[in-house]
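Trainee: Could we go through this one together, a piece at a time? I'd like the criteria spelled out as we go.

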Amino acid sequence: MWPLPTLPKTYHFCPPQLSLDPLGPEWDCPLGSKDLEEEEGPWGGGSGLPPPGCFPGSWHHDVGLDCKGSPEGADAQAWTVYYYSVLQSCLQQAGLPETQDRSQVPRTGNMLLCLSPAWLTKVPAPGQPGEAALLVSKAVSFHPGGLTFLDDFVPPRRATYFLAGLGLGPGWGREAAELARDLTCPTGASAELARLLEDRLLTRRLLAQQGNVAVPATLAFTYKPPALLRGGDASPGLRLVELNGKEGQETLVKEEVGAFLHSEALGDALQVAVKLSGWRWRGRQALRLYPRAEQGPVVDTVLALLEKLEEEESVLVEAVCPPARLPFPGSPPPGPELALRICAVVCRTQGDKPLLSKVVCSVGRGDRPLRHQSSLPRTLEAALAQCGLAEASQVAIVRQRVKAAAEAALAAVLTLEAGLSAEQRGGRQVRVDFLGVDFALTVAGRALTPVALEVNGGLCLEACGALEGLWAAQHLGLAAEEAAAAPLVETMLRRSARCLMEGKQLLLLGAGGFSKKFVWEAARDYGLKIHLVESDPNHFASQLVQTFIHFNVTEHQRDEENARVLAELVRARGLQLDGCFSYWDDCLVLTALLCQELGLPSNPPAAMRLAKQKSRTQLHLLSRCGPPWPAPSLYAVPCCPLESEADVDRAVRQVPLPGVMKLEFGAGAVGVRLVKDASQCREHFSRIARDLQGEADHPGIGLGWGNAMLLMEFIEGTEHDVDLVLFGGRLLAAFVSDNGPTRLPGFTETAACMPTGLAPEQEAQLVQAAFRCCLGCGLLDGVFNVELKLTGAGPRLIEINPRMGGFYLRDWILELYGVDLLLAAAMVACGLRPALPAHPRARGHLVGVMCLVSQHLQALTSTASPETLQALHDQGLLRLNLLEEALVPGEYEEPYCSVACAGSSPAEARHRLLGLCQGLGIDGPHYPVAYFLSHFK
């Protein structure tokens with residue numbers, strides 16, 4: 001069965017995990033030579049038909065599982081019906097409705113499940129020799145609320161991600177392997193990678209050498225080993241004996257087995273297991289347990305298995321990890337000693353970072369091996385309690401050790417993957433996106449230690465899904481983000497988005513300043529074709545784009561005319577654009593007008609004008625009293641526009657003081673000031689009118705629109721940023737961050753924390769306030785940054801920035817949530833709905849402070865120089881975002897850089913940052929970092 005994200009149209013949650021391998025491993029299998037000879041192969045005999053038996057249930061069986069134009073034989077039809085029954089059984093047990101057959105009137109979905117290879121077709125990809133596109137003609141689609149539909153697609157839909165269940169034996173393993181090979185779309189598994197990862201010997205050496213993960217002591221007899229196993233450094237506890245022949249090895253085997261059974265590497269192990277290693281023996285395999293003292297039977301079994309080896313396969317003799325003897329409170333329960341098998345799912349996330357997704361366990365007799373599908377799944381806490389360990393602190397230690405080992409295992413696999421060629425991986429787009437790791441819990445060095453037994457592609461994920469299924473029917477509100485597959489689905493969607501956007505032609509208005517240097521690296525990474533319109537003919541980005549159009553974008557009185565001129569320039573150059581967007585304040589209205597001229601997706605120019613002028617935003621929202629309710633007027637703040645000194649006198653009579661004066665079209669808090677009385681209002685208005693008259697006085701803060709100001713009521717409360725992604729007026733994602741207190745009477749940002757430390761209800765209030773204010777202004781599509789204050793009466797709007805958040809926000813959100821606001825903005829500009837997690841989980845916490853040239857010039861030229869900060873960033877000790885290129889002091893300054901520290905909690909991140917700032921000289925009497933961080937407790 002194969003889930004495939006395709007062109008994103010409808011948001012979804014991941015379906016219940018289905019078995020990737022319907023035939024589970026068996027218990028202890030006899031290994032005499034006679035038994036081996038009677039088998040037809042590693043999978044044994046059989047007709048090639050699905051397992052006999054029925055799935056109890058009342059779902060309809062008269063559904064159209066045939067795919068038009070691609071008929072199946074009787075055996076293939078039997079497998080398709082079998083997989084459909086598995087799906088219905090899973091849905092039924094989870095308390096979800098039966099799949100509806102709507103193949104005559106299909107709709108679209110993000111996640112598709114194909115139950116038969118006949119539902120998929122590979123077609124040669126134009127311009128990409130040797131590669132193929134994957135088309136979907138029929139599938140089961142998944143939708144919110146647990147709804148599933150059986151759909152036909154005419155014409156077929158192009159897959160933008162493919163994940164297949166692979167394997168030998170009955171089922172569709174071979175067909176899936178062929179479908180997954182050399183695709184143009186991102187692929188999450190291949191037979192080539194599976195052959196490597198399912199080789200126990202190879203993965204054990206990899207985990208021990210690259211990941212420093214504990215593995216069982218192992219003696220391996222390998223017949224003509226693969227290149228990856230030849231040579232290299234010896235691994236502790238792993239002994240590899242290379243064989244060029246399978247016969248006449250009696251003396252060698254006897255000597256090696258004897259030495260191994262008496263070696264200290266086995267520790268306290270009382271038993272050894274003899275098993276086969278290699279791709280053919282995955283899933284169901286031969287296994288025999290022997291007491292450590294019985295050398296003769298071990299030797300005989302090894303010799304019998306050697307006869308069955310093919311090249312690059314091995315016979316393993318491994319220590320059976322003794323169960324950890326846990327301190328059971330009171331008297332231990334009667335019965336045999338219990339053993340614990342831990343199953344961990346770890347996923348590749350943004351930046352190729354491993355992340356533990358979920359841990360499940362099984363408990364059984366200590367004298368018998370625990371296997372997938374042969375024991376009931378349970379949580380780590382329940383399993384440890386069953387074995388006698390219930391103390392929360394000790395359980396947390398075990399969980400942390402499992403997490404470290406599992407993430408180290410995937411990191412080692414990703415290192416191996418990076419060194420393989422496209423041919424060795426099975427295709428240019430093939431990656432390992434998740435890994436299952438099985439551990440035994442034993443004692444090593446007087447410490448509870450997880451020992452990695454094997455890695456697998458789907459069984460651990462299936463075990464997690466089985467545990468989730470036990471709860472699903474009773475807890476229908478189980479959040480999708482708690483599912484083991486959630487990080488995997490996020491990775492699938494992220495890679496799918498990259499596939500969709502690769503090669504897109506985008507017109508970008510305004511290159512931005514030094515702080516936007518990340519845009520060009522990201523565009524290259526995503527394969528975007530950028531055509532840039534920019535006022536500065538010498539801008540460094542002019543050499544980094546497909547097309548550079550020099551055009552003055554700051555003459556805002558002529559925006560309508562300039563939009564028409566630019567549209568003609570685009571047509572004259574023959575640019576075939578997929579979208580047009582901007583993240584630069586000066587260009588937002590012009591961009592909307594140009595999109596209107598070119599017929600490209602965008603917000604209405606009127607909405608952009610409304611959001612761009614701060615007083616118009618507030619006054620418009622004050623008039624929006626609903627319905628619906630809560631109305632945007634509840635969030636707006638009284639204000640008065642100021643264009644002359646006479647306006648100042650009128651404003652102080654209308655707006656309660658103290659108030660805040662700011663530029664109508666300003667950015668970066670430049671010129672924003674707290675005023676307490678009428679004289680301060682007049683003084684500040686005169687100062688701005690004198691110092692900031694036009695674009696040349698302070699480029700990039702919106703002075704091309706003029707230097708008109710506004711006076712608004714000063715709102716007490718904590719300040720927060722909400723970064724939104726909207727598509728078609730629907731909220732796709734929201735990210736809330738907290739800001740520290742500013743240095744009044746100025747409002748330049750001092751400190752920030754993400755994710756928010758607010759209670760969930762307060763966070764939801766902020767998100768809804770930001771969302772409703774955007775809708776109230778007519779902003780329906782795009783990435784927006786909304787600044788609010790949380791007062792005792794609820795959220796109040798400071799301003800809407802109708803573009804991607806500035807400073808560090810894009811970088812922090814990408815780091816913590818794996819969501820790239822730049823890519824999301826580009827997708828919306830192309831009319832594509834970004835498939836984003838509705839409730840993304842942060843991977844940690846970031847707390848940061850701003851550095852100002854006026855306050856930190858001495859430190860920035862000595863202890864906290866840009867070179868020093870960059871070196872600390874490269875070492876992972878801090879997170880640096882340079883916002884300005886030069887150390888130029890001035891009265892109307894913006895932050896020079898942001899310095900942040902990460903932690904598993906806000907307190908940890910705050911503590912690290914404070915210590916770092918004290919050591920670097922950023923903290924001081926005139927810039928008290930501890931005070932700026934005080935809001936984040």
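Mentor: Let me begin with a criterion: two strands pair if DSSP finds at least two bridges between them. Helices (H or I, at least four residues) and strands (E, at least two) are DSSP runs, numbered from the N terminus. This is a predicted model, in which local features need pLDDT of at least 70 and side-chain atom pairs count only at pLDDT 80 or more, while totals for chains, interfaces and linings use all residues. Residues are numbered from 1 along each chain as its sequence is written, and side-chain values use heavy atoms, with hydrogens and water left out.

Trainee: New topic: which residues of H13 are buried?

Mentor: In helix H13 (residues 518-526), Val519, Trp520, Ala522, Ala523 and Tyr526 are buried, where buried means under 20% relative accessible area, exposed over 50%, and partly exposed in between (1.4 Å probe, protein chains only). Seen down the axis of H13, these buried residues fall within an arc of 165°, so they line one face of the helix; the arc is that of the directions from the helix axis to the C-beta atoms.

Trainee: What does the face turned away from the buried side carry?

Mentor: That face of H13 carries the exposed residues Glu521 and Arg524. The buried residues of H13 pack against helix H12 (486-501), S16, S17, helix H21 (809-817) and H22, with contact meaning heavy atoms within 4.5 Å.

Trainee: How do the axes of H15 and H16 cross?

Mentor: The axes of helix H15 (residues 588-598) and helix H16 (residues 605-612) come within 8 Å and cross at roughly 175°. That makes H15 roughly antiparallel to H16, since angles under 35 degrees count as roughly parallel, over 145 as roughly antiparallel, 65 to 115 as roughly perpendicular and the rest as oblique. Axes are lines fitted to C-alpha atoms, for helices over the stretch in contact, and angles run from 0 to 180 degrees between N-to-C directions.

Trainee: Last one: how many residues of S31 are buried?

Mentor: Six of the seven residues in strand S31 (residues 897-903) are buried. Strand S29 (residues 845-851) pairs with S31 in the antiparallel sense over seven bridges.
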